[in-house]
Amino acid sequence: MTSYTICARLSFCPNGPLSLFCGMEIFVHHIDDLSSVSKAINLLINEGYTIILLRGDLGAGKTTLVKVLCAQLGITEPVSSPTFSLVNEYTSPSYGPVYHMDLYRLDKIIDLVQIGFEEYLESGNICLIEWPDLARDMMTMRHVSIDIRVTPDQSRIFNITTYDAVDT
Ligand code: ADP
Ligand code: MG
């Protein structure tokens with residue numbers, strides 16, 4: 001079972017210099033229904049949102065969602081958690097390089113510089129970023145933030161929010 005709640009509003013982003021543009025909540029009862037979420041993300045990618053932040057506790061389902069999304073993007077290579085490698089690169093036949101990052105083990109901005117994080121963001125290629133909070137202040141370009149919550153019966157609630165730059 002999947003249900004959707006859509007809202008659109010404009011307010012200030014609490015985590016950076018961008019404005020909150022639009023939000024969608026998707027309730028997913030079963031892991032096999034995750035394609036409803038990946039399809040929503042794919043639509044946003046096609047609208048130019050190539051930076052996707054994935055938030056949620058350990059075990060919330062960030063890597064699992066990346067796997068489903070990558071399959072939808074036509075990626076056939078194995079997709080796994082980049083917790084130790086920090087960055088995995090896959091190839092999508094239609095979208096080109098896809099970077100899958102996990103900042104969990106990084107604790108300093110300087111580490112982000114060392115892995116060339118900003119270059120990945122500015123490449124225009126799809127960046128799927130688990131544990132993105134260290135890079136919060138660098139999110140000055142449009143992006144999507146996905147917050148995953150686990151309910152007591154192990155269903156997942158996905159809050160998908162787009163952020164756009166505002167003219168000041
Ligand atoms: P994370 O990357 O957030 O730490 P994982 O994607 O590794 O989490 O998922 C952890 C576990 O949760 C896996 O065993 C996976 O099967 C399960 N899981 C992930 N997404 C869902 C979902 N939508 N519904 C039910 N179980 C899920
Ligand atoms: Mg993970």
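**Chat on a predicted model**

Me: Which residue takes a positive phi in the hairpin of β7 and β8?

Reply: Gln-154, near 70°. Five residues sit between the two strands of that hairpin. Bear in mind that this is a predicted model.

Me: How many bridges join β7 to β8, and which way do they run?

Reply: Eight bridges, with the strands antiparallel. Strand β7 covers residues 143-150, and β8 covers 156-164.

Me: Which residue in β8 stands opposite Arg-149?

Reply: Ile-157.

Me: And how many residues of β8 are buried?

Reply: Eight of nine, so the strand is mostly covered.

Me: Switching to the metal. What coordinates the magnesium ion, ligand 2?

Reply: Thr-63 through OG1 and Glu-130 through OE, at 2.1 to 2.3 Å. Thr-63 lies in helix α2 (residues 62-72) and Glu-130 in strand β6 (residues 126-130), so the pair ties together parts 67 residues apart in sequence.

Me: Why does Thr-63 count as buried?

Reply: Because its relative accessibility is 16%, and the cut-off for buried is under 20%.

Me: What about Glu-130, buried or exposed?

Reply: Buried, with a relative accessible area of 2%.

Me: New topic: Leu-112. Where is its place?

Reply: In helix α3, residues 109-114. Leu-112 is buried, at 1% relative accessible area.

Me: What is Leu-112 in contact with, leaving aside neighbours within four places in sequence?

Reply: Leu-103, Leu-106, Phe-117, Leu-134, Ala-135 and Met-138.

Me: How many residues separate Leu-112 and Ala-135 along the chain?

Reply: They are 23 residues apart, yet their C-alpha atoms are separated by 7.7 Å.

Terms used: Residues numbered from 1 in each chain as written. Chains lettered and ligands numbered in written order. Predicted model: local features only at pLDDT ≥ 70, side-chain atom pairs only at ≥ 80, totals over all residues. Heavy atoms only, no water. Helix = DSSP H or I, 4+ residues; strand = E, 2+ residues; numbered from the N terminus. Buried < 20%, exposed > 50% of the residue type's maximum accessible area, 1.4 Å probe, protein only. Contact = heavy atoms within 4.5 Å. Pairing = 2+ DSSP bridges. Donors = N, O, S within 2.8 Å, 3.2 Å for Na, K, Ca; no water.
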